[in-house]
Amino acid sequence: MKALVVGTGGVGQSIAAIAKRRDPNGEWLEKMIMADYDLAKAQAAVDRLDDPRFVAEKVDASDPDDVAALAKLAEVDILMNLCAPNFNPSLLQAALKAQVHYLDTAMTLSEPHPTDPMHKCGVKLGDAEYALSPEFEKIGKYALAGFGVEPGMADFFARYAADHLFDEIDEIGIRDGSNLEIPGAKGISFGFSVWTTIEECNNPAIVYENGEVHTIEPFAELENFWLPEGIGEVEVGHVEHEEVIQIAHNADRLKGVKKATFKYALGDEFMQAMEIFRSINIDKAEKIKVGDVMVAPRDVIAAAAPDPNEIGKLYVGQTAAGTYVTGKKNGMERKVYLYQVADNKECVERYGTQVVVAQTAFTPVITIELLAKGSLGSKPGDPKSGVHNPEAFNADDYVALMPAYEFPGGFLEMESEYKLANDRQALLDLAR
Ligand SMILES: NC(=O)c1ccc[n+]([C@@H]2O[C@H](COP(=O)([O-])OP(=O)(O)OC[C@H]3O[C@@H](n4cnc5c(N)ncnc54)[C@H](O)[C@@H]3O)[C@@H](O)[C@H]2O)c1
């Protein structure tokens with residue numbers, strides 16, 4: 001497997017470090033090109049790895065011809081997009097031009113409904129990406145859309161729950177929170193791509209129900225959710241995120257799921273900061289004239305804010321990502337949470353990158369390992385080409401590899417009729 005990673009920020013660097021640690025002898029990873037428009041950054045990442053399989057290149061992600069030329073020259077099998085999602089259209093075109101597989105961790109961007117943005121969707125996340133499926137089918141390649149942790153792992157978990165844990169599914173809800181803090185620090189910090197965080201926290205949030213996706217105020221319907229492995233209770237609210245779209249898109253593979261939500265614990269201070277950004281328009285990605293120059297206010301924040309990859313190394317604590325599923329099993333109502341908890345200190349020691357970006361990066365690496373070994377797409381019903389989310393694939397091989405990647409998954413059976421019946425039975429079984 002030869003891979004071209006475009007964007008060597010926090011997630012791109014973590015992908016390289018995880019791939020090296022997982023496959024030190026090159027059993028399936030032959031080469032990984034680390035490409036960025038900031039060549040010095042790509043080169044520094046490669047130098048830290050000290051392994052001839054990793055090489056740095058300069059590339060402009062906004063130019064499909066430039067990226068395709070690099071992909072062809074290096075004869076790569078897959079283009080991995082780890083830039084902000086505003087580059088998805090040009091990188092999807094680059095993969096089509098070079099006739100290689102494509103993978104990303106965030107789908108093409110939404111556009112608000114022109115007249116009723118807080119109730120109705122305009123262009124949805126991923127609309128432009130799904131539309132390219134026939135073109136990827138034509139060249140016999142995959143565009144693997146939303147293969148990070150959320151989206152990504154959370155969507156593999158949705159499929160796993162549907163295949164193994166439920167007869168019927170009512171809701172699949174992604175729930176994310178942490179106890180991460182920087183001791184002594186004041187104010188807010190960004191955990192990953194500043195540009196993308198501002199985008200997802202300021203757009204109208206989305207919910208799938210009654211067969212369609214609608215919008216709702218960002219952070220609406222705050223509720224408490226208990227996270228395992230020492231994190232405890234957090235307050236979560238709706239945010240715009242791909243999983244809602246991906247679950248809706250794959251509902252027929254998910255036991256007819258009726259509702260999909262994404263709720264994130266951001267903390268009061270962070271939510272207030274986003275509301276302030278929104279109220280004075282400095283969250284906007286469109287350029288405005290400042291003196292003699294045209295500049296996007298969001299680009300200014302992204303350039304000025306402390307780099308999430310550096311400041312994040314100071315975090316203390318853990319973060320949880322996961323999938324909460326409700327439905328029926330054997331005629332009884334059941335609730336489960338499938339999750340992954342990662343620790344910042346462990347990630348910094350193992351990969352040299354902070355926990356939020358490292359936790360995002362293990363899924364793309366498992367995915368290319370499965371692709372290299374011919375396992376991705378090999379199970380009955382798996383798609384053979386086209387634009388697909390993790391839900392489209394049998395998740396068993398993926399889940400089985402998580403512990404070997406040192407990101408083991410967890411399973412929480414929550415209070416329900418099903419749990420009560422099983423707990424009572426377990427007591428009786430002990431007496432036998
Ligand atoms: N699915 C998930 O769980 C998840 C979680 C976190 C981040 N993400 C996504 O991962 C992606 C990367 O996030 P990150 O935190 O590593 O971001 P980052 O800002 O650290 O890295 C982005 C990189 O892109 C490079 N870049 C910018 N413009 C470029 C251009 N024109 N050509 C080439 N390179 C260019 C930057 O130099 C930078 O190195 C984002 O799309 C983000 O949404 C997904």
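Student: What makes H1 the element with the largest share of the shell around the ligand?

Tutor: H1 gives 3 residues to that shell, the largest share. Helices here are DSSP runs of H or I with at least four residues, strands are runs of E with at least two, and both are numbered from the N terminus. The model is a predicted one, where local features need pLDDT of at least 70, side-chain atom pairs count only at pLDDT 80 or more, and totals for chains, interfaces and linings use all residues. Residues are numbered from 1 along each chain as its sequence is written.

Student: How many residues surround the ligand, and which are the closest?

Tutor: The shell holds 32 residues, with Gly7, Gly9, Ala61, Gly148 and Ser193 the closest. Helix H1 (10-22) and helix H14 (355-372) are the elements that give two or more residues. By type, the shell has 14 nonpolar, 13 polar and 5 charged residues. Ala, Val, Leu, Ile, Met, Phe, Trp, Tyr, Cys and Pro count as nonpolar, Asp, Glu, Lys and Arg as charged, and the others, Gly among them, as polar.

Student: Why is the ligand said to lie between domain 1 and domain 2?

Tutor: Domain 1 (2-104) and domain 2 (153-352 + 410-431) both give residues to the shell around the ligand, so the ligand lies between them. The domain bounds come from an automatic or database domain assignment. The centres of the two domains, taken over C-alpha atoms, are separated by 27 Å.

Student: How many residues of domain 1 are in contact with domain 2?

Tutor: 10 residues of domain 1 are in contact with 9 residues of domain 2; contact requires C-beta atoms, placed from the backbone, within 7 Å. H1 gives 6 residues to the side of domain 1 that touches domain 2, the largest share.

Student: Why is Phe219 called buried?

Tutor: A residue is buried if 20 or more other C-beta atoms lie within 10 Å of its own, exposed if 12 or fewer, and partly exposed in between, with C-beta atoms placed from the backbone. Phe219 has 20 C-beta neighbours inside 10 Å, so Phe219 counts as buried. Phe219 lies in the loop between strand S11 (212-216) and strand S12 (223-227), and its phi is positive, near 70°.

Student: And Glu75, is that residue buried or exposed?

Tutor: Glu75 has 12 other C-beta atoms within 10 Å, so Glu75 is exposed. Its place is in the loop between helix H3 (64-73) and strand S4 (78-81), and its phi, near 50°, is a positive value in a residue other than glycine.

Student: How do you know that the buried residues of H2 are on the same side?

Tutor: In helix H2 (residues 39-49), the buried residues are Ala42, Ala45 and Val46. They cover an arc of only 95° around the axis, so they are on the same side of H2. That arc is taken from the directions from the helix axis to the C-beta atoms. Ala40 and Asp47, on the other side of H2, are exposed. The buried residues pack against H1, strand S2 (31-36) and strand S3 (54-58).

Student: What makes the peptide bond from Glu150 to Pro151 stand out?

Tutor: This peptide bond is cis, with omega near 0°. Pro151 is found in the loop between strand S8 (142-144) and helix H7 (153-164).

Note on methods: Near = placed C-beta within 6 Å. Contact = placed C-beta atoms within 7 Å.
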